[in-house]
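User: I'd like to go through this structure with you, piece by piece. Could you take my questions as they come?
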Amino acid sequence: MDLKIEELEMYAKENHIPIMLKDGITFMLTYIKENQVKNILEIGSAIGYSAICMCLVDKDIHVTTVERDEKRYQEAVKNIRKFHLEDRISICNQDAFTLELQDTFDLLFIDAAKSQYIKFFEKFTPFLKKGGVVFSDNLNFHGLTHTTERIESRNVRGLVRKLNDYISFLKQNTMFDTKFYDIGDGISVSIKRE
Ligand SMILES: C[S@@+](CC[C@H](N)C(=O)[O-])C[C@H]1O[C@@H](n2cnc3c(N)ncnc32)[C@H](O)[C@@H]1O
């Protein structure tokens with residue numbers, strides 16, 4: 001291997017690229033290992049960090065991931081190559097809403113624009129196998145989704161409202177059984193009912 005995971009973490013920190021927090025990714029990787037997840041769809045690749053981490057759990061894992069930012073996509077392609085995972089990570093440079101899929105997946109990981117989580121969920125869960133799972137990251141949004149204090153920035157207020165809408169949406173969704181975890185930046189795990 002020409003690159004270490006720690007170097008990717010360092011690069012992300014130095015370049016202000018938002019990647020999954022360490023305890024969040026560890027939690028998700030444990031689930032992947034314990035449940036023998038093999039086919040993963042990720043929305044939001046950034047520089048390929050989480051896709052690479054997921055693939056390294058087991059040699060039979062395949063990840064399809066999508067990133068709309070050209071520069072981050074190029075960086076992800078380079079990183080995937082350095083880990084020799086080109087055969088197991090299919091990465092697309094486009095907006096997730098234009099993605100066309102044929103395959104079905106064991107796990108859907110939603111980690112892209114926070115204002116669109118409900119739409120991502122609705123577009124991609126039809127491609128999830130029964131018993132499959134959706135992981136969604138950043139539901140605490142640095143603690144802001146729990147705060148009762150007034151948030152000054154209108155933009156941030158809007159995002160917090162959208163994330164809270166998503167949390168309510170998950171709680172009311174009877175097709176999925178959702179649990180919320182205060183791990184990393186707040187993670188939900190929604191299992192598709194059989
Ligand atoms: C939090 S980062 C992803 C981090 C990555 N999953 C990791 O942990 O290594 C979110 C990424 O989603 C991308 N993104 C946001 N909305 C998107 C969309 N509609 N389609 C594709 N990518 C999107 C952003 O450009 C950003 O790089």
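User: Is alanine 46 buried or exposed?
Analyst: This is a predicted model, and in it alanine 46 counts as buried because 24 C-beta neighbours lie inside 10 Å, the cut-off for buried being 20 or more.

User: Where is alanine 46 found, and what is its phi?
Analyst: Alanine 46 is found in the loop between S1 and H3, and its phi is near 50°, a positive value in a residue other than glycine. Most residues other than glycine have a negative phi.

User: What about asparagine 138, which loop is that in?
Analyst: Asparagine 138 is found in the loop between S5 and H6, and its phi, near 70°, is again a positive value in a residue other than glycine. Asparagine 138 is buried, because 23 other C-beta atoms lie within 10 Å.

User: Changing topic to the ligand: which residues come nearest to it?
Analyst: There are 19 residues around the ligand, and of these Gly44, Tyr49, Ser50, Ala96 and Ala112 come nearest.

User: And how many in that shell are nonpolar, polar or charged?
Analyst: By class, the shell around the ligand is made up of 10 nonpolar, 3 polar and 6 charged residues.

User: OK, now the core. How many residues does the largest nonpolar core have, and which have the most contacts inside it?
Analyst: The largest nonpolar core has 50 residues, and those with the most contacts inside it are Ile40, Leu107, Leu108 and Ile110. Helix H3, residues 49–55, gives the most to this core, with 6 residues.

User: What is leucine 108 in contact with?
Analyst: If its neighbours within four places in sequence are left aside, leucine 108 is in contact with Leu41, Phe124, Thr125, Leu128 and Val134.

User: Phe124 is in H5, I see. Which residues of that helix are buried?
Analyst: In helix H5, which covers residues 117–124, the buried residues include Tyr117, Phe120, Phe121 and Phe124. Seen down the axis of H5, its buried residues fall within an arc of 100°, so they line one face of the helix.

User: What covers them?
Analyst: The cover over the buried residues of H5 includes strand S1 (39–43), strand S4 (105–110), strand S5 (128–136) and helix H6 (154–172).

User: Take tyrosine 117 then, what does it touch?
Analyst: Not counting residues up to four places away in sequence, tyrosine 117 touches Ile110, Ser136, Leu163 and Tyr166. Tyrosine 117 counts as buried because it has 26 C-beta neighbours inside 10 Å. From tyrosine 117 to valine 156 there are 39 residues in sequence and 15 Å in space, C-alpha to C-alpha.

User: On to the strands. How many bridges join S5 to S7, and how many join S6 to S7?
Analyst: S5 and S7 run antiparallel and are joined by 4 bridges, while S6 and S7 also run antiparallel and are joined by 6 bridges. Serine 190 in S7 is the bridge partner of valine 134, and threonine 178 stands opposite serine 190 as well.

User: What sits between S6 and S7?
Analyst: S6 and S7 form a hairpin with 5 residues between them, and glycine 184 in the turn has a positive phi of about 60°. Isoleucine 183 has its place in the loop between these strands and counts as partly exposed, because it has 17 C-beta neighbours inside 10 Å. Not counting residues up to four places away in sequence, isoleucine 183 touches Asp23, Gly24 and Phe27.

User: And phenylalanine 180, which strand is that in?
Analyst: Phenylalanine 180 is found in strand S6, and it counts as partly exposed because it has 16 C-beta neighbours inside 10 Å. Its contacts, leaving aside neighbours within four places in sequence, are Leu139 and Ser188. Phenylalanine 180 and serine 136 are 44 residues apart in sequence and 9.5 Å apart in space, C-alpha to C-alpha.

Terms used
Residues numbered from 1 in each chain as written. Predicted model: local features only at pLDDT ≥ 70, side-chain atom pairs only at ≥ 80, totals over all residues. Near = placed C-beta within 6 Å. Nonpolar A, V, L, I, M, F, W, Y, C, P; charged D, E, K, R; others polar. Core = buried A, V, L, I, M, F, W, Y, C linked by C-beta atoms within 7 Å. Buried ≥ 20, exposed ≤ 12 C-beta atoms within 10 Å, placed from the backbone. Helix = DSSP H or I, 4+ residues; strand = E, 2+ residues; numbered from the N terminus. Contact = placed C-beta atoms within 7 Å. Arc of directions from axis to C-beta. Pairing = 2+ DSSP bridges.
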